[in-house]
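Let's take a friendly walk through one protein model together.

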Amino acid sequence: MAHLFDSLVVRDIKFANRVFVSPMCEYSSTDGYANDWHLVHLGSRAVGGAGLVLTEATAVLPEGRISPQDLGTWSDDHIEPLARIVRFIHEQGSVAGMQLAHAGRKASTYRPWEGQGRVPEAEGGWKNVVAPSAVAFADHYPMPRALSSDGIQEIIAAFAEAARRACEAGFRVD
Ligand SMILES: Cc1cc2nc3c(=O)[nH]c(=O)nc-3n(C[C@H](O)[C@H](O)[C@H](O)COP(=O)(O)O)c2cc1C
C-alpha cells in the first residue's frame, strides 16, 4: 500500500500526510517582503491539503537574493508578513516551512520572464555579489568577489539570524 496519505511524525512535528510542497521561487517581492501573492500561493497549497508547505528560497541577506524580487528575511521587519502566512497555513492543518538561501554568484540576476543574467544597478541590481572564488557563473552573470574567512562567517551568522526569524514567524521546518 502507498503511504502518501498517511500521517508522518518527524521529531515533534506531525504532518497530516506526505505531500510536501517544494520551494518555488515566485520573484514577486518588493524589498524581500512577503505580500498577498505569497499568502495566496502558499495558502492555497495548504487549503489543498498538503502536509507541508515550504516557502520559496528566502534570502538571508539582500545580496543573497537571486533577483531583486526574491523573498527575504534579513531584517526583523520581514517577520510579521511571514507570520501572517504561517498562521493561515497552520489554520488549515498544514505545516509551514521556510527554505533559507543565499544565491552566491547567481545573485543580482533577472527574474526569468524579464531577461537573463546580470541586472544593472539602475534596475535594482547590486555590486556586492560574493562567491567562494572570483569566477562568474556564466559570461552574462555578475563577476563575484571571493569571500574572505570573515565574510564566510558573516554569512553563517546571517543564516543563524534568519533561522531565528523563521522561528519567530512560527515556521516549524527550516
Ligand atoms: C517555479 C519553480 C520554482 C522553484 N524554486 C525553487 C526554490 O526556490 N528552491 C529550490 O530548492 N527549488 C526550487 N525549484 C525546484 C523545486 O523545488 C523541485 O525541486 C523541482 O521542481 C523538482 O521536483 P520534482 O522532482 O518533485 O518534480 C523550483 C521549481 C519550480 C518549478
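Strand β4, residues 52–59, is mostly covered, with eight of its eight residues buried. A residue is called buried if 20 or more other C-beta atoms lie within 10 Å of its own, exposed if 12 or fewer do, and partly exposed in between, with the C-beta atoms placed from the backbone. Strands are DSSP runs of E with at least two residues, helices are runs of H or I with at least four, and both are numbered from the N terminus.

Before going on, please note that this is a predicted model, in which local features need pLDDT of at least 70, side-chain atom pairs count only at pLDDT 80 or more, and totals for chains, interfaces and linings use all residues. Residues are numbered from 1 along each chain as its sequence is written.

**The sheet around β4**

Which strands make up the open sheet, and in what order? Three strands form it in the order β3-β4-β5, and the pairing is parallel. The edge strands are β3 and β5, each of which pairs on one side only. Two strands count as paired if DSSP finds at least two bridges between them.

Look at each side of β4 in turn. Strand β3 (residues 20–21) is joined to β4 by two bridges, and the two strands run parallel. Here F20 has L52 in β4 as its bridge partner. With strand β5 (residues 95–101), β4 pairs in the parallel sense over six bridges. In that pairing, T58 stands opposite L100 of β5. As a general point, side chains in a regular strand alternate between the two faces of the sheet.

A right-handed β-α-β unit is made by β3, helix α1 (residues 36–47) and β4. Another right-handed β-α-β unit consists of β4, helix α2 (residues 79–91) and β5. Right-handed means that, with the strands pointing away from the viewer, the path from the first strand over the helix to the second runs clockwise.

**The whole chain**

How many helices and strands does the protein chain have? There are three helices and seven strands. Starting at the N terminus, the elements follow the order β-β-β-α-β-α-β-β-β-α. The radius of gyration of the chain is 17 Å, close to the 16 Å that the globule rule gives for 174 residues, so the chain is as compact as a globular protein of that length. This radius is taken over C-alpha atoms, and the globule rule is 2.2 Å times the number of residues to the power 0.38. Along the principal axes, the C-alpha atoms fill a box of roughly 50 × 35 × 35 Å.

Of the 174 residues, 36% count as buried. Among contacts between residues at least 6 apart in sequence, 68% join residues at least 24 apart. A contact here means that the C-beta atoms of two residues, placed from the backbone, lie within 7 Å.

**The ligand's surroundings**

Around the ligand you will find S22, P23, M24, C25, E56, A57 and Q99. Each has its C-beta atom, placed from the backbone, within 6 Å of the ligand. By class, this shell holds four nonpolar, two polar and one charged residues. Ala, Val, Leu, Ile, Met, Phe, Trp, Tyr, Cys and Pro count as nonpolar, Asp, Glu, Lys and Arg as charged, and the others, Gly among them, as polar.

**Some single residues**

| Residue | C-beta neighbours within 10 Å | Class |
|---|---|---|
| H3 | 9 | exposed |
| Y27 | 18 | partly exposed |
| D31 | 14 | partly exposed |

H3 sits in the segment before β1 (8–10). Although H3 and R18 are 15 residues apart in sequence, their C-alpha atoms are 7.6 Å apart in space.

Y27 is placed in the loop between β3 and α1, and D31 lies in the loop between β3 and α1. Phi of Y27 is near 50°, a positive value in a residue other than glycine. For D31, phi is near 55°, again positive in a residue other than glycine.

L82 belongs to helix α2. Leaving aside its neighbours within four places in sequence, L82 is in contact with A34, T73 and A169. L82 and A169 are 87 residues apart in sequence, yet 6.1 Å apart from C-alpha to C-alpha.
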